[in-house]
Amino acid sequence: MFHFPGEVDWTRFFRFDKRWIENMNWARISPAAKAVLPVIACHCNKRGESFPGEETIAALSGRTPKTVRQGIRELDGFPGFTWEHYLTRRGKRGKRFQIEFAPTNEKGRTFFFHRGIIDGGIWRELKPTAQAIYPAMRYFARYDDDYDENEDPPSEFEERYAARSWELCSAEVGQLAKYAGVNRHTVSEAMQNLQKNFLLEANGNGGGEWRVYIIPAKHW
């Protein structure tokens with residue numbers, strides 16, 4: 001039986017490739033595949049290898065083991081994703097996942113998806129549409145703190161940027177639906193679900209901007 005950790009580590013993350021969103025790869029995969037991919041990716045080591053069992057993936061994604069198996073099958077052909085069976089030390093058959101992540105030297109190519117969202121029980125509580133929408137909102141989000149070279153030393157700006165816990169997203173509903181691969185009529189409900197689970201908050205200026213949380217202040 002899987003047990004959630006007593007303390008959530010917010011220093012661990014994987015680099016979510018923006019091209020998965022850009023090239024409509026994320027939009028095309030099924031809800032089951034969307035649920036399991038971040039869980040698998042968050043378990044990857046430096047070589048991109050990951051070994052979570054089906055029960056672990058099920059507990060962290062909020063899906064049944066049967067749905068997890070379906071999601072893994074439906075990730076076949078996803079860019080940079082492969083898996084194979086291997087024999088564990090206990091003589092059981094397990095799955096070894098491999099993800100080829102984007103190069104770290106390509107600035108702006110990725111965004112950090114923190115493992116705390118998984119280990120803190122947030123991801124498992126999200127509806128499928130909310131799981132689909134969250135990365136799409138992260139893709140369109142921006143850091144709302146423009147750098148002024150006459151006032152801000154680069155080091156101070158970089159420090160503020162690194163310490164940010166949210167970014168602003170003002171993307172249109174139709175675009176969010178398109179790049180998340182969901183019906184536009186479900187976006188509002190998905191955003192409400194993200195708010196309920198600490199990942200989204202209205203910016204408060206009435207301009208249709210949303211704070212999309214990178215590191216939420218709460219978790220389950």
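The model is predicted, so local features need pLDDT of at least 70 and side-chain atom pairs count only at pLDDT 80 or more, while totals for chains, interfaces and linings use all residues. Residues are numbered from 1 along each chain as its sequence is written, and side-chain values use heavy atoms, with hydrogens and water left out.

**View 1. Helix H3 meets helix H5.** Let's start with H3 (residues 31-42) and H5 (residues 65-73), which pack at an angle of about 85° with their axes 8 Å apart. Helices (H or I, at least four residues) and strands (E, at least two) are DSSP runs, numbered from the N terminus. Axes are lines fitted to C-alpha atoms, for helices over the stretch in contact, and angles run from 0 to 180 degrees between N-to-C directions. H3 and H5 are therefore roughly perpendicular to each other; that term covers 65 to 115 degrees, with angles under 35 counted as roughly parallel, over 145 as roughly antiparallel and the rest as oblique. Look for Ala32, Ala33, Val36 and Ile40 in H3, which meet Thr67, Val68, Gln70, Gly71 and Ile72 in H5 (contact means heavy atoms within 4.5 Å). By class, this contact of H3 with H5 has 6 nonpolar, 3 polar and no charged residues. Here Ala, Val, Leu, Ile, Met, Phe, Trp, Tyr, Cys and Pro count as nonpolar, Asp, Glu, Lys and Arg as charged, and the others, Gly among them, as polar.

View 2. In H3, 11 of the 12 residues are buried, so the helix is largely enclosed by the rest of the structure. Buried means under 20% relative accessible area, exposed over 50%, and partly exposed in between (1.4 Å probe, protein chains only). Among the buried residues of H3 are Lys34, Leu37 and Cys42.

**View 3. Helix H4 crosses helix H5.** The axes of H4 (residues 54-61) and H5 come within 9 Å and cross at roughly 100°. H4 and H5 are therefore roughly perpendicular to each other. From H4, the contact uses Glu54, Ile57, Ala58 and Ser61, and from H5 it uses Pro65, Val68, Arg69 and Ile72. The residues of this contact of H4 with H5 divide into 5 nonpolar, 1 polar and 2 charged.

**View 4. The two sides of helix H5.** Find Val68, Gly71 and Ile72, which are buried in H5. They cover an arc of only 100° around the axis, which puts them on the same side of H5; the arc is that of the directions from the helix axis to the C-beta atoms. The buried residues of H5 pack against H3, H4, strand E3 (81-87) and strand E4 (93-99). On the face turned away from the buried side of H5, you will find the exposed residues Lys66 and Arg73.

**View 5. Strand E4 and its partners.** E3 and E4 run antiparallel and are joined by 7 bridges; two strands pair if DSSP finds at least two bridges between them. Glutamate 84 has arginine 96 in E4 as its bridge partner. E3 and E4 form a hairpin with 5 residues between them, and glycine 91 in the turn has a positive phi of about 80°. Strand E2 (residues 49-50) also runs antiparallel to E4, joined to E4 by 2 bridges.

**View 6. An open sheet of 3 strands.** The strand order is E6-E8-E7, with antiparallel pairing. At the edges are E6 (166-169) and E7 (200-202), each pairing on one side only.
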